[in-house]
Amino acid sequence: MYHEKVKTNSITKLPIKKCVDGKDVFIRVKLCNINLRQKRLGCAHSSVNLRFNALLDKIKVDTNKVNKIKIKFNQTINNIYLLDHKKGNLEKEYANLLLRNNIDLNKKHNLQNKIEDCVLIHNNYLNTLSLLKVELIKIINQNILKE
C-alpha cells in the first residue's frame, strides 16, 4: 500500500500535484517492485492473488478445509483492496491539509494516526495470509504422508 502515498517535493516537503484532464491530481509514489508483486500475496495491485486462488481450485484433497482457506483468503484480499482505497483517500486528505495556509495540527495528527493504523491493519492481513499458507501446506503434507 506504499503506492498510495503522495509524492512530495524534496525541498519544500509539500505534496506535488499535476493537471490531468483539467483537474489537479496528486502524484503518487510508484508501485513496489514488480518482481515482489508477482509473488507476494496481499499486494492490492498484483495478479498473484488470482493465481493463488486458481491454485487453491486445483487442490483436490480435504476440499472442505481448502474451501475454508479459500474463503478466508478471498475475504482477506477484499479487505486489503478496501483498505488500499481507504489509505489512498486518507493520503489525499492529508496532502490537501499540508497545502493549506493554516494547518489544523489536531487534524494533521489524527490523519497521520489513521494512515499508520491502515499500515498496521495491512500488516495484520499479511500475517493472516501467511497463516493461511502455512495451514494449506500442512493439509498438503498430511495428505502426502497418507499416501
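**Close-up views of the predicted model**

**View 1. Thr-76 in helix H3.** Thr-76 sits in helix H3. The model shown here and in every view below is predicted. Buried or exposed: which is Thr-76? Its relative accessibility is 2%, so Thr-76 counts as buried, the cut-off being under 20%. Setting aside neighbours within four places in sequence, Thr-76 contacts Tyr-125, Thr-128 and Leu-129.

**View 2. The largest nonpolar core.** This core holds 15 residues, of which Leu-56, Phe-73, Leu-129 and Leu-136 touch the most other members. Two or more residues come from each of helix H2 (48-58), helix H3 (63-98) and helix H4 (105-146). H3 contributes the most, with five residues. In soluble globular proteins, nonpolar side chains tend to be buried together.

**View 3. Leu-136 and its partners.** With residues up to four places away in sequence not counted, Leu-136 touches Phe-52, Leu-56, Ile-59, Val-66 and Ile-69. A second core of eight residues is separate, and includes Tyr-94, Leu-98, Ile-115 and Cys-118.

**View 4. The H2 and H3 pair.** Two packed helices are described by the angle between their axes and the distance between the axes. For H2 and H3, the axes come within 10 Å and cross at roughly 170°. The two helices are therefore roughly antiparallel to each other, a term applied to angles over 145 degrees. On the H2 side, Asn-49, Phe-52, Asn-53, Leu-56 and Asp-57 make the contact. On the H3 side, the contact residues are Val-66, Ile-69, Lys-70, Phe-73, Asn-74, Ile-77 and Tyr-81.

**View 5. Helix H4 from end to end.** H4 has 42 residues and, at 1.5 Å a residue, should span 62 Å. Its end C-alpha atoms are 62 Å apart, which agrees. At the start of H4, a side-chain oxygen of Asp-104 comes within 3.0 Å of the backbone nitrogen of Asn-106.

**View 6. The buried residues of H4.** Leu-111, Ile-115, Cys-118, His-122, Leu-129, Leu-132, Leu-136, Ile-139 and Asn-143 are buried in H4. Which helices do the buried residues of H4 pack against? Their packing partners are H2 and H3.

**View 7. Lys-133 on H4.** Lys-133 belongs to helix H4. Its relative accessible area is 37%, so Lys-133 is partly exposed. Beyond its neighbours within four places in sequence, Lys-133 is in contact with Leu-41 and Phe-52. Lys-133 and Phe-73 are 60 residues apart in sequence, yet their C-alpha atoms are 9.2 Å apart in space.

**View 8. Glu-91 on H3.** Glu-91 is part of helix H3. At 6% relative accessibility, Glu-91 counts as buried. Which residues does Glu-91 contact, leaving aside its neighbours within four places in sequence? They are Glu-4, Lys-5, Val-6, Arg-28 and Ile-115. Ile-115 is also one of the residues of the second core.

**View 9. Lys-17 in strand E1.** Strand E1 covers residues 17-20 and contains Lys-17. At 36% relative accessibility, Lys-17 counts as partly exposed. Lys-17 and Lys-7 are ten residues apart in sequence, with 8.6 Å between their C-alpha atoms.

Conventions
Residues are numbered from 1 along each chain as its sequence is written. This is a predicted model: local features need pLDDT of at least 70, side-chain atom pairs count only at pLDDT 80 or more; totals for chains, interfaces and linings use all residues. Side-chain values use heavy atoms; hydrogens and water are left out. A nonpolar core is a set of buried Ala, Val, Leu, Ile, Met, Phe, Trp, Tyr and Cys residues joined through side-chain atoms within 4.5 Å. Buried means under 20% relative accessible area, exposed over 50%, partly exposed in between (1.4 Å probe, protein chains only). Helices (H or I, at least four residues) and strands (E, at least two) are DSSP runs, numbered from the N terminus. Contact means heavy atoms within 4.5 Å. The expected span of a helix is 1.5 Å times one less than its number of residues. A polar contact is a pair of N or O atoms within 3.5 Å; within protein, one must be able to donate a hydrogen and the other to accept it, and residues adjacent in sequence count only if both atoms are side-chain atoms. Axes are lines fitted to C-alpha atoms, for helices over the stretch in contact, and angles run from 0 to 180 degrees between N-to-C directions. Angles under 35 degrees count as roughly parallel, over 145 as roughly antiparallel, 65 to 115 as roughly perpendicular and the rest as oblique.
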